[in-house]
Amino acid sequence: MPSERARRRLEDMLENIARIRAHVGGADVDAFLASPLMQDAAERCLERIAEAARKLGDAYDAEFPDVGLRELRGFGSVLRHDYDAIHPGLIWGFVERRLGPLETMAKTLLARLPLPKFRGHHI
């Protein structure tokens, strides 16, 4: 996989992790469960994160087993196709337990990738 594609997917993950944190703020589980707006925002960001994980493929699964990338890709499928089976508590659990390891993985991998090549025009 070209590193620029991997870089974009990892950046997508980090952007959506930041969005989830901004949407959820300092809410506790009760506030989250009482707010359909927070739930919807977090769920949509998780869909994007799962899609980015799907596009990354399984290249990093063995290196980061604590992140559960395979499960994340499967979770994305559930979010897209079986949305009516998703309980908000499941979304909250993911936000509470899985965002940290996922963020650490994305930052670690980004640090190892070469910087993108400049493709602009010269003056």
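Predicted model: local features only at pLDDT ≥ 70, side-chain atom pairs only at ≥ 80, totals over all residues.

Colleague: What share of the residues in the protein is buried?
Modeller: Buried means under 20% relative accessible area, exposed over 50%, and partly exposed in between, with a 1.4 Å probe and protein chains only. The C-alpha trace spans about 55 × 35 × 25 Å along its principal axes. Of the 123 residues in the protein, the buried share is 41%.

Colleague: Among contacts between residues at least 6 apart in sequence, what share joins residues at least 24 apart?
Modeller: Contact means heavy atoms within 4.5 Å. Among the contacts between residues at least 6 apart in sequence, the share joining residues at least 24 apart is 73%.

Colleague: How are α3 and α4 oriented to each other?
Modeller: Axes are lines fitted to C-alpha atoms, for helices over the stretch in contact, and angles run from 0 to 180 degrees between N-to-C directions. The axes of α3 (residues 36–56) and α4 (residues 69–81) come within 8 Å and cross at roughly 130°. Angles under 35 degrees count as roughly parallel, over 145 as roughly antiparallel, 65 to 115 as roughly perpendicular and the rest as oblique. The two helices α3 and α4 are therefore oblique.

Colleague: Which classes of residue make up the contact of α3 with α4?
Modeller: On the α3 side, the residues include L46, I49 and E43, and they meet α4 residues including L72, F75 and R73. For the classes, Ala, Val, Leu, Ile, Met, Phe, Trp, Tyr, Cys and Pro count as nonpolar, Asp, Glu, Lys and Arg as charged, and the others, Gly among them, as polar. The contact of α3 with α4 has 8 nonpolar, 1 polar and 6 charged residues.

Colleague: Which hand does the crossing of α3 and α5 have?
Modeller: The axes of α3 and α5 (residues 88–97) come within 10 Å and cross at roughly 60°. That angle makes α3 oblique to α5. A crossing is left-handed if the near helix is turned anticlockwise from the far one by less than a right angle, and right-handed if clockwise. By that rule, the crossing of α3 and α5 is left-handed.

Colleague: And how are α4 and α5 oriented to each other?
Modeller: L72, F75 and L79 in α4 meet L90, I91 and F94 in α5, and these residues divide into 6 nonpolar, no polar and no charged. The axes of α4 and α5 are 13 Å apart, and the packing angle is about 150°. The pair α4 and α5 is therefore roughly antiparallel.

Colleague: Which residue's side chain makes a polar contact with the side chain of E63?
Modeller: E63 is found in the loop between α3 and α4 and is partly exposed, at 41% relative accessible area. Leaving aside neighbours within four places in sequence, E63 is in contact with L109 and R112. A polar contact is a pair of N or O atoms within 3.5 Å; within protein, one must be able to donate a hydrogen and the other to accept it, and residues adjacent in sequence count only if both atoms are side-chain atoms. At 2.5 Å, the partner of the E63 side chain is the side chain of R112.

Colleague: Is D61 buried or exposed?
Modeller: D61 lies in the loop between α3 and α4. Leaving aside neighbours within four places in sequence, D61 is in contact with L69, R70 and R73. Because its relative accessible area is 19%, D61 counts as buried.

Conventions. Residues numbered from 1 in each chain as written. Heavy atoms only, no water. Helix = DSSP H or I, 4+ residues; strand = E, 2+ residues; numbered from the N terminus.
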